[in-house]
Amino acid sequence: MEEKIEQLAAECGNEIAAADSENALYAVRVKYLGKSGLISELMKGMKDLSPEMRPVMGKLVNSARASLETRFTEKGKELHDKELAARLAAEKIDITLNEDTPVGCLHPLTAVRKRLVDFFVSMGFDVMDGPEVETDYYNFEALNVPKDHPARDMQDTFFLGGNLLLRSQTSASQVRYMETHKPPLKMISPGRVFRNADDATHSPVFHQLEGLVVDKGITMCDLKGILDDFARHFFGKQTKVRFRPSYFPFTEPSVEVDVSCSICGGKGCKICKGTGWIEILGAGIVNRKVLRICGIDPDEYTGFAFGFGIDRIANIIHGIPHIKLLYENDIRFLEQFR
Ligand code: DAH
């Protein structure tokens with residue numbers, strides 16, 4: 001029996017060594033150490049041995065079994081590692097970036113709009129989105145521009161028939177906002193606007209950002225304060241702001257706002273056409289008539305409003321000479337903002 005044990009152990013050892021997969025190894029294990037495996041069968045023969053021989057043989061079988069167990073464990077680990085490594089190699093996905101792949105970037109208009117919105121949101125302004133197809137009422141009448149009023153000539157508008165038009169100014173959003181919100185209120189409304197104009201500084205489609213603040217005791221000083229911060233934030237700490245008297249039907253008094261030219265520092269250059277100042281927006285104290293039309297008592301509340309072209313701000317910030325560049329989607333132009 002001793003020989004038989006040694007023979008079985010040797011055979012099992014060989015088969016363990018030859019096993020080339022975890023499944024194959026498992027089959028060897030069942031063959032020898034399984035419930036009715038060869039070694040277990042051997043144990044069954046113990047009962048035919050003499051009582052003196054039984055413990056001796058028992059010890060032999062158990063130690064053979066134990067050393068086989070160790071070999072199974074070792075070989076199992078080896079095969080497992082090998083199979084894992086093979087699977088990892090086979091299933092590998094190369095996720096490293098190809099450096100030649102062009103990386104996109106935000107359009108300069110989008111990037112500047114986001115910065116503008118962030119600036120006003122950080123000051124507590126609410127953001128409103130208005131419709132691009134607007135009614136005559138919101139775009140003009142409620143803003144104190146009745147039909148046949150000469151102020152309509154200030155904005156050559158695309159009329160769509162009926163009462164509809166392509167909004168010519170985001171100021172239309174002011175009215176919608178005041179109709180649905182009670183003061184105190186602070187809102188901005190960025191968006192696309194449309195006018196029949198087409199030259200180096202005008203595009204039939206462009207973008208504006210409207211701002212409105214209504215509360216008790218709001219004055220021109222509050223407007224100046226916010227615009228000073230705005231100008232320094234976007235055009236540099238040294239930037240000065242000046243108000244020039246102007247006319248808008250929806251504000252009284254109205255101003256046009258210039259910033260000192262950040263290119264020449266105010267000395268006069270090509271960008272500021274030698275004046276040292278760049279006009280950036282229109283603003284004023286909300287006309288009492290407009291407040292009343294929107295259901296706000298002008299004896300209790302006052303407000304200021306302003307509106308500027310996002311395109312114009314982007315052009316000043318980046319020194320872009322022609323508004324059309326923003327709309328041609330020429331890759332050579334857009335690439336420069338990456
Ligand atoms: N909507 C005016 C425009 O398109 C800009 C503007 C001027 C907006 C004065 C305002 C304002 O809110 O108060 O030219």
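Phe230 touches Leu116, Phe119, Phe120, Phe235, Ile280, Leu281, Phe308 and Ile313, leaving out residues up to four places away in sequence; contact means heavy atoms within 4.5 Å. The model is predicted: local features need pLDDT of at least 70, side-chain atom pairs count only at pLDDT 80 or more, and totals for chains, interfaces and linings use all residues. Residues are numbered from 1 along each chain as its sequence is written, and side-chain values use heavy atoms, with hydrogens and water left out.

Phe120 and Phe230 touch the most other members of the largest nonpolar core, which has 45 residues. Helix H8 gives the most to this core, with seven residues. A second, separate core of 21 residues includes Leu143, Leu212, Phe248 and Val286. A nonpolar core is a set of buried Ala, Val, Leu, Ile, Met, Phe, Trp, Tyr and Cys residues joined through side-chain atoms within 4.5 Å. Buried means under 20% relative accessible area, exposed over 50%, and partly exposed in between (1.4 Å probe, protein chains only).

## The seven-stranded sheet

An open sheet of seven strands has the order S1-S5-S6-S10-S9-S8-S7, and its pairing is mixed. Strands (E, at least two residues) and helices (H or I, at least four) are DSSP runs, numbered from the N terminus. Two strands pair if DSSP finds at least two bridges between them. The edge strands are S1 (126–127) and S7, each of which pairs on one side only.

Helix H7 (residues 171–180) packs on the sheet and touches S1, S5, S6 and S10; its direction makes about 140 degrees with that of S5. Helix H8 lies across S7, S8, S9 and S10, running at about 125 degrees to S7. For these angles, axes are lines fitted to C-alpha atoms, for helices over the stretch in contact, and the angles run from 0 to 180 degrees between N-to-C directions.

Strands S7 (residues 241–248) and S8 (residues 251–260) are antiparallel and share seven bridges, and a hairpin of two residues joins them. Ser254 in S8 is the bridge partner of Ser246. S8 is also joined to S9, by eight bridges in the antiparallel sense; here Val257 stands opposite Leu281 in S9.

Gly284 is in strand S9 and is buried, with a relative accessible area of 0%. Its contacts, leaving aside neighbours within four places in sequence, are Leu223, Thr251, Pro253, Ser254, Val255, Gly303, Phe304 and Ala305.

## The three-stranded sheet

Three strands form a separate heading here: an open antiparallel sheet in the order S2-S4-S3. S2 (133–135) and S3 (159–161) stand at the edges with a single partner strand each, so one side of each has no neighbour in the sheet. Three bridges join S2 to S4 (residues 164–166), and Val133 has Leu166 in S4 as its bridge partner.

## Helix H10

In H10 (residues 310–318), the buried residues are Ile310, Asp311, Ile313, Ala314, Asn315 and Ile316. Their cover includes helices H5 (108–122) and H8 (220–235), together with strands S5, S6, S9 and S10. After H10 comes Gly319, with a positive phi near 65 degrees.

## The ligand

The ligand is surrounded by 16 residues, the closest being Gln169, Ser171, Arg195, Gln208 and Glu210; a residue counts as near if one of its heavy atoms lies within 4 Å. Polar side-chain atoms lie 2.6 Å from a ligand oxygen atom in Arg195 and 2.8 Å from one in Gln208.

Conventions
A polar contact is a pair of N or O atoms within 3.5 Å; within protein, one must be able to donate a hydrogen and the other to accept it, and residues adjacent in sequence count only if both atoms are side-chain atoms.
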